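I opened my notebook beside the viewer and wrote down what I looked up, one entry at a time.

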Amino acid sequence: MPLFQGMDISATGLLAERVRMDVIAGNIANAESTRSGQGGPYQRLMAVLTAEQAPSTTTASNPNGAGVRVTAIVGDPTPFPTVYNPSHPDADANGYVRMPNVNPVTEMVDLITASRAYEANVTVINAAKQMALRALDIGKA
Amino acid sequence: MSYCTNVPYDYTHGGGLQLGPMDGVRGFTYTGNILERTLDALSLRHRVTADNVANVNTPGFKPSEVSFESALNAALQHDLESGTTYATEATQFPVEVTRNEFASMRADGNGVDADREMVTVAKTAIAYQAVAQQWSSMYGRLRMAVREGRR
């Protein structure tokens, strides 16, 4: 049984949650951006997490779960909300501005989820560390 | 009174070496084997739990769990009653990983119960440390025997 495999799996969790937090940070930062590279307002992004499988086949003593990976960062297809603001430089002929489809409340909730999941992975790594250090003590006087 | 320590076990036939029922000490090899297998199983459980926690936000992910305690208990009980060494054999000590396909905690189909997983992490780490400590103290007893009780 490889000693550090559990830690590697937790590390994939840390990485995935950090990417999620980065994406959320980008969404919050652009919550009011009415212009973007694609033209139109900023489109909210989402990280897609996928469970990672080791190449080996699953047996009773060798499960192939190998952590998690961010496989894609996709745009949120929700329509852009419009706000009446005739003085805005991006307002259309009727005075309406298309705003980003970012909801700050949703982002904050996602941010808390990501940060709690990050902490959970850190706790698991600490447990693995304790176990590994104790295993090193076997046979010591 | 016959003590039967460090007898080389014969793994070639099914039941292992036959000792009389409760015929004294079964030997450090036996204890060491069981402790080793238990450490392996706990280490596997940690790995599986780490995978569950890493996928706590993956839509549709179903958690797995490792079970070996009842099988180990049955094998130990069998050895205790009939003086065999079943518990040291892989076939008699099955470590099973089962995926709970029906668990669902959220609308996205994820089945990881974060609270339960964190308790499993803590329990596994403590159990692992306990078993490792047992192993150390077993070596301590062996060392004491080698030195004829002197320090």
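**Entry 1, a pair in chain B.** I looked up B:E69 in this predicted model and found B:E69 partly exposed, with a relative accessible area of 40% (buried means under 20%, exposed over 50% and partly exposed in between, with a 1.4 Å probe and protein chains only). The side chain of B:E69 meets that of B:R45 in a salt bridge, 3.0 Å from N to O (a side-chain nitrogen of Lys or Arg within 4 Å of a carboxyl oxygen of Asp or Glu). B:R45 counts as buried, at 13% relative accessibility. Since B:E69 lies in helix α2 (residues 69-82) of chain B and B:R45 in helix α1 (residues 28-54) of chain B, the pair ties together parts that are 24 residues apart in sequence. I noted that helices (H or I, at least four residues) and strands (E, at least two) are DSSP runs, numbered from the N terminus.

Residues are numbered from 1 along each chain as its sequence is written, while chains are lettered from A and ligands numbered from 1 in the order in which they are written. Local features need pLDDT of at least 70 and side-chain atom pairs count only at pLDDT 80 or more, whereas totals for chains, interfaces and linings use all residues; side-chain values use heavy atoms, with hydrogens and water left out.

B:E65 forms a salt bridge with B:R116, with the closest N and O atoms 3.0 Å apart. B:E65 belongs to strand β1 (residues 64-67) of chain B and B:R116 to helix α3 (residues 114-146) of chain B, so this pair ties together parts 51 residues apart in sequence.

**Entry 4, between the chains.**

A:R20 lies in helix α1 of chain A and counts as buried, at 13% relative accessibility. Leaving aside neighbours within four places in sequence, the contacts of A:R20 include A:D110 and B:N57.

Technical notes. Contact means heavy atoms within 4.5 Å.
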